[in-house]
Amino acid sequence: MTQQIIIYPLFLQIAISIILMFSWNNIRFQKIFSVFGSFVSVVLAGWVFYYIWTTGTQTVQAANWSAPFGITFVADTFAATLVVLTSLAGLAVSIFSAATVLKDRLRFGYFPIFHFLLLGLNGAFLTGDIFNLYVWFEIIIISSFVLITIGGEKAQLEGAVKYFTLNILASIIFLTAIAVLYGLTGSLNMADLAGKIAAVENRGLVEITAILFLIGFGIKAGVFPLYFWLPASYHTPPFAVSSIFGGLLTKVGVYALIRVFTLIFTHDPFLNDILIVVAIFTLVSGGIGALVQNNIRKVFSYLIICHIGYMIAGLGMFTEVAIAGVIFYLIHDIVVKTNLFMISGLIFRLRGSNSMRALGGLYAEWPKISLLLFIPLFSLVGIPPLSGFWPKINLIKAGFAESNYVTVAAIIFASFITLIIIAKLWAEVFWKEPQELKLKENFKFFSKSTTFKKTQIVLPIALLSIVSLYIGFGAEHIQELSARIADELVNNQGYIDTVLHAAK
Amino acid sequence: MEILLALMIGVLYAGGIYMMLRRSLVKLIIGIILIGNGANLLIFLLGRITKGSPPIIPGDANVLTEAFADPVPQALILTAIVISFGLQSFAIVLVKRAHTVVKTDDLDEMNATDEDS
Amino acid sequence: MMRTTIILKTASNYLLPVLLLFSIFILLRGHYLPGGGFVGGLIASIAFILHSFANGLHKTKELLVLHPGYLIPLGLAISFLSGLAPVVLYDLPFMTGLWSHDSVAILGHIGSALFFDMGVYLVVYGVTLTIIFTISESA
């Protein structure tokens, strides 16, 4: 019974979705139950994490078919950490959605689909089977399609068409890669594939398969030059939806890249070079893209792309120090990016606009809220001792150790660009003279909301800011965790042995 | 048979990509359908085509005695077909909605998301 | 209201129960022979779609007591619980097949797989009908 605890997060999310679907028309119940369920999932994820931390990697063989024949669920420290982060972001966004998403949208099943999305994310992190990973990806994208189109405004639908096309294309490329992989090895279990791919003689075909995976996951992660769907769609849906997308959807692509390139296609200098080149271009182009945007959400969208570059660069360097940096950055990034889009929602509520030109004077009007927003914004930049600073040390250290000076330069360049962007944003939105407020009818300004609503909007931002502060000030804990994950990922024999020779 | 299937997969992929590159929304969906079918056939082909019976062990034996067809690719294709069924029906509804709201099916005219706001 | 031939109209009245029966037959034989919940659910929804082509959408809706959308969570719940049963009852991994010792007339051995298939049947039926109704309503 205890071993199966690793898939309880999946049970919980699917149970929440089913119960929410039964009460399709009862919006009030849906709000309360979703927040309650998300809270339970945080507790459960913490329990799973504690269990994995104390006992090491655990597996569950679904339907009792032993690996590599059945579908295996594997929870190593990496997966358990991401499950914790998913549930944290899920809790924050669930509270935020209850306050900000319009009733018309909630009526079309916003909350059940939201929990399906979390189910897909948890499943993708926990599975040990490459085709099962594809299925979880499909669950994620189908739910995200519904979330991005719900409401059906013009910009939203146009964004959805772009999002939809590129993501389906990514899935098909992923499926093609799986087909070739199965043809080469006759296996789908990732741990089993690790051994079998190493034994394949046709290295050219293996490399092509790896590139197919890189393209498929790269579209989802938003790396150069495959990211153009991201800034075209992430600023269109409701704020709660873009925060869960910004925080987790691209990161699941990064997760898949890390998993595949540390477990199946390892020690291939050609691939590592490609990853590094891609990363440098991602860092530079994402940063420059963010510089010229005016809409806050578009700025954040480009910053997502820019910061994906850090993780890809670390993955390309492929040393234990670099991977530790990647994991640390991933942990920091999920929390901060989810928070950023909620912040843009809060700013929209405060002033009725997201355009930097039309905003201003927030600090004079709302000093306490501004100070709260200071934490995530400058965590993103990585002013020491806030959370974005520590992972970059690892990455830069690894870059110098490998004499990879161009990568180091790109990382430092991207950090500076981020600093400039956030400073510009701070000056424009918080310090500039207040611009005239365009009054809109039927628009609920923050100042006119009830205290309960106000708490509901600010609480999730505060929650994630506290997590960010913890990551910054308790960096040694996170560093220890990242180092352990990096060790497990680089020395993957432990993972393979646990999966293939697990006692039932 | 393998050659024939390989050619067909090539035609499906090429046709799919060609259709996706067109500007019409409807052709985009046709492209997605074609390329998805190509991927399914690719799994089928790469799972080795064998003439054989289903891999069910008879009640009075312990192992399979005759040649059998690999069931895994078929399970994968079935899953992929079910998924693409869902995706394609969603795509059709989305395109229909987009067409009524945006009033065009030309992808080049869908640039409200690039507007500066 | 679209025009339909009287032949289709008459035939659909007889075809509806026959197709529904056939879908249940397909559902039940699914474990070792071609068939199963997915195909069964599709056939059941095709029965109603055919009826709606012949008699119009609102006539078909009158026929359905429950909106098909409600069957989606029901089917999901049945499938999920059938997968959860071995975890809760016997501490076996998720979705392990449980089978009865004695065989029942017609059905043979009853197992958790049958309930899983029934859930799939309901989900597919509900989803397909919801999709088709949505598309044809907005047309």
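Visitor: In which loop is A:Pro385 placed?

Guide: A:Pro385 sits in the loop between α16 (367–381) and α17 (389–401) of chain A; helices are DSSP runs (H or I, at least four residues), numbered from the N terminus. The bond joining A:Pro384 to A:Pro385 is cis, with omega near 5°. This is a predicted model, where local features need pLDDT of at least 70 and side-chain atom pairs pLDDT 80 or more, while totals for chains, interfaces and linings use all residues. Residues are numbered from 1 along each chain as its sequence is written, with chains lettered from A and ligands numbered from 1 in the order written.

Visitor: What is the peptide bond from A:Phe224 to A:Pro225, cis or trans?

Guide: That bond is cis, with omega near -5°. A:Pro225 belongs to the loop between α9 (203–221) and α10 of chain A.

Visitor: Is A:Asp192 buried or exposed?

Guide: Count other C-beta atoms, placed from the backbone, within 10 Å: 20 or more is buried, 12 or fewer exposed, in between partly exposed. A:Asp192 has 23, so A:Asp192 is buried. This residue is part of helix α8 (residues 190–199) of chain A. Its C-alpha atom is 9.8 Å from that of A:Gly128, 64 residues apart along the chain.

Visitor: Which residues does A:Asp192 touch?

Guide: Contact means C-beta atoms, placed from the backbone, within 7 Å. Not counting residues up to four places away in sequence, A:Asp192 touches A:Ala67, A:Pro68, A:Ser187 and A:Leu500. With the same exclusion, A:Ile178 is in contact with A:Ile130, A:Phe131 and A:Tyr134.

Visitor: What is the phi of B:Arg48?

Guide: Phi of B:Arg48 is near 65°, a positive value in a residue other than glycine. B:Arg48 lies in the loop between α2 (25–46) and α3 (71–102) of chain B, and is partly exposed, with 13 other C-beta atoms within 10 Å. B:Lys103, also not a glycine, has a positive phi of about 65°. B:Lys103 follows α3 of chain B and counts as exposed, with 9 C-beta neighbours inside 10 Å.

Visitor: At what angle do α3 and α5 of chain A pack?

Guide: Helix α3 (residues 77–100) and helix α5 (residues 110–126) of chain A pack at about 170°, with their axes 9 Å apart. Axes are fitted to C-alpha atoms over the stretch in contact, and angles run from 0 to 180 degrees between N-to-C directions. Over 145 degrees counts as roughly antiparallel, so α3(A) and α5(A) are roughly antiparallel. Residues meeting here include A:Leu82 and A:Thr86 in α3(A), and A:Phe114 and A:Leu118 in α5(A).

Visitor: How many residues does each chain give to the contact of chains A and B?

Guide: Chain A gives 30 residues and chain B 29. On the side of chain A, α7(A) supplies the largest share, 17 residues.

Note on methods
Contact = placed C-beta atoms within 7 Å. Helix = DSSP H or I, 4+ residues; strand = E, 2+ residues; numbered from the N terminus. Parallel < 35°, antiparallel > 145°, perpendicular 65-115°, else oblique.
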